[in-house]
Amino acid sequence: MDVSTASTREAHRPGIAGAADLDLDRTRATLMVLGIALHTADVFITSGDWLVADSHRSAFFDALVALIHSFRVPGFFLLSGLLFAGSLRRHATPDLLVRQLLRLGVPLLSCWLLLNGAQQALLAWQRGADPWAALDGLSAPVFHLWFLRDLLVLNLLVLAAWAIAQGRHRRATRTAARGAGRFAAWLSRAGDAGPAHWLSVALAGALLGHALILAVRLTGIAYEAGPGDLTLFNLAFYAPLFLAGLALWHRPAWLRAWLSTPLWLLPVAAFAANWGDAASATLPHPLAREAALAVELLGIWIATGAAVGALGRWRTGPRGGLGRLLSEASYTIFLVHHLLVVALALLLLPLDWPAAVKFPIIALATLALSLAIHRWLVRPFALMRLLFNGRTPAPQGERPVTPAPGRA
């Protein structure tokens with residue numbers, strides 16, 4: 001996954017995020033770590049039962065889940081689009097296809113079989129069922145891996161469109177190529193000229209996203225489950241954020257405008273997104289449900305601009321060893337934290353401790369164990385790097401240095 005496995009050097013390469021001065025590496029790592037807080041909070045929400053539901057609950061955790069959920073996954077898709085746009089420029093299409101299949105497909109498959117399977121067996125054992133029967137037929141749910149599933153599909157679709165466009169360009173006449181160049185230059189000038197306000201980008205993204213969702217629903221198969229429970233509706237819901245990353249990589253003025261969304265709007269936008277999500281499924285009138293969906297989408301775009309912009313501009317001076325480890329281990333954290341949260345929540349479930357005590361214990365223990373797994377189980381071994389990070393070379397700085405002949 002470009003957003004999850006790009007090296008620190010690659011994430012800071014000039015031009016990879018246009019002129020928006022977005023620290024992709026830090027933003028990506030922060031969003032990954034926030035997943036631990038999100039899923040740990042799910043254990044203590046009052047609005048329903050998660051995979052593990054503790055008896056001690058608080059509305060504070062409902063608010064925390066709504067806040068993080070409003071921007072975290074949309075931010076993932078935005079960063080993925082920005083990084084994938086740079087990859088399209090640097091790699092040939094066949095090479096990039098293999099690269100993305102390794103970085104997305106291999107961890108998706110291995111973690112679905114190993115980690116999600118283990119989680120399903122653990123939950124079955126806790127509920128008094130047969131753990132082995134829970135694994136029968138490789139029926140473990142995708143759980144949080146749905147992000148990798150959808151991102152892989154979007155990557156493949158964009159690569160196919162890119163290959164078709166390249167083929168047509170090579171077959172074009174020189175005159176047509178000059179015309180296309182003038183048209184591209186005009187688009188570039190128009191993009192650099194505006195829009196000048198964050199609300200323009202948020203409104204445009206929400207409207208285009210709503211239009212795509214409507215078009216998908218008109219097919220009549222929007223909710224038909226495909227491989228890995230993939231649906232056209234879910235794919236269309238987040239695809240505009242990924243496509244926005246692809247487009248805004250070439251439009252730094254638009255990206256800067258969106259990421260300048262005031263941070264104080266984040267809780268307001270999160271509330272709007274959460275309300276719209278619930279109302280779009282419960283309001284009696286179809287037009288009211290569509291209006292609620294529009295509110296949800298606008299809330300998501302505003303929340304993403306505010307949160308990702310703030311995280312991207314956040315500077316805390318030189319990074320220490322922990323900061324570098326968090327950035328390098330972010331993909332591993334994303335993959336393994338879900339199982340760890342479930343296991344630790346089950347372990348603490350019999351204890352009559354308040355949520356304010358259990359929450360930090362589960363979250364901090366999950367973070368520590370995730371970092372330990374990456375440091376001592378994933379990073380040192382080529383097979384584990386392939387299975388859990390989708391890469392085979394050792395991380396930069398971990399590769400052995402061979403002295404040149406004649407040198408000490």
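I began with helix 5 and helix 17 (residues 382-389), whose axes, 6 Å apart, pack at an angle of about 95°. Helix 5 and helix 17 are therefore roughly perpendicular to each other. That word covers 65 to 115 degrees; under 35 is roughly parallel, over 145 roughly antiparallel, and the rest oblique. Axes are lines fitted to C-alpha atoms, for helices over the stretch in contact, and angles run from 0 to 180 degrees between N-to-C directions. Helices (H or I, at least four residues) are DSSP runs, numbered from the N terminus.

I then listed the contact, meaning heavy atoms within 4.5 Å. Helix 5 gives Leu102, Arg103, Val106, Pro107, Ser110, Cys111, Leu114 and Leu115, and helix 17 gives Leu386, Leu387, Phe388 and Asn389. By class, this contact of helix 5 with helix 17 has nine nonpolar, two polar and one charged residues. Nonpolar means Ala, Val, Leu, Ile, Met, Phe, Trp, Tyr, Cys and Pro; charged means Asp, Glu, Lys and Arg; polar means the others, Gly among them.

A note on sources: this is a predicted model, where local features need pLDDT of at least 70, side-chain atom pairs count only at pLDDT 80 or more, and totals for chains, interfaces and linings use all residues. Residues are numbered from 1 along each chain as its sequence is written, and side-chain values use heavy atoms, with hydrogens and water left out.

I stayed with helix 5. Where is its kink centred? The kink, of about 40°, is centred on Cys111. The bend is the angle between axes fitted to the seven residues ending there and the seven starting there. Just after helix 5, Gly128 has a positive phi of about 85°.

I looked for positive phi elsewhere. Most residues other than glycine have a negative phi. Phe143 is not a glycine, yet its phi is positive, about 55°. Phe143 sits in the loop between helix 6 (131-134) and helix 7 (146-171). Asp229 also has a positive phi, near 65°, and lies in the loop between helix 9 (198-217) and helix 10 (232-248).

Next came helix 15 (residues 330-348) and helix 16 (residues 355-378), packed at about 135° with axes 8 Å apart. Helix 15 and helix 16 are therefore oblique to each other. The contact includes Leu340 and Leu344 of helix 15 and Ile362 and Leu369 of helix 16. It has 15 nonpolar, five polar and one charged residues.

Last, the axes of helix 3 (residues 24-42) and helix 4 (residues 59-90) come within 9 Å and cross at roughly 145°.

Key: Helices (H or I, at least four residues) and strands (E, at least two) are DSSP runs, numbered from the N terminus.
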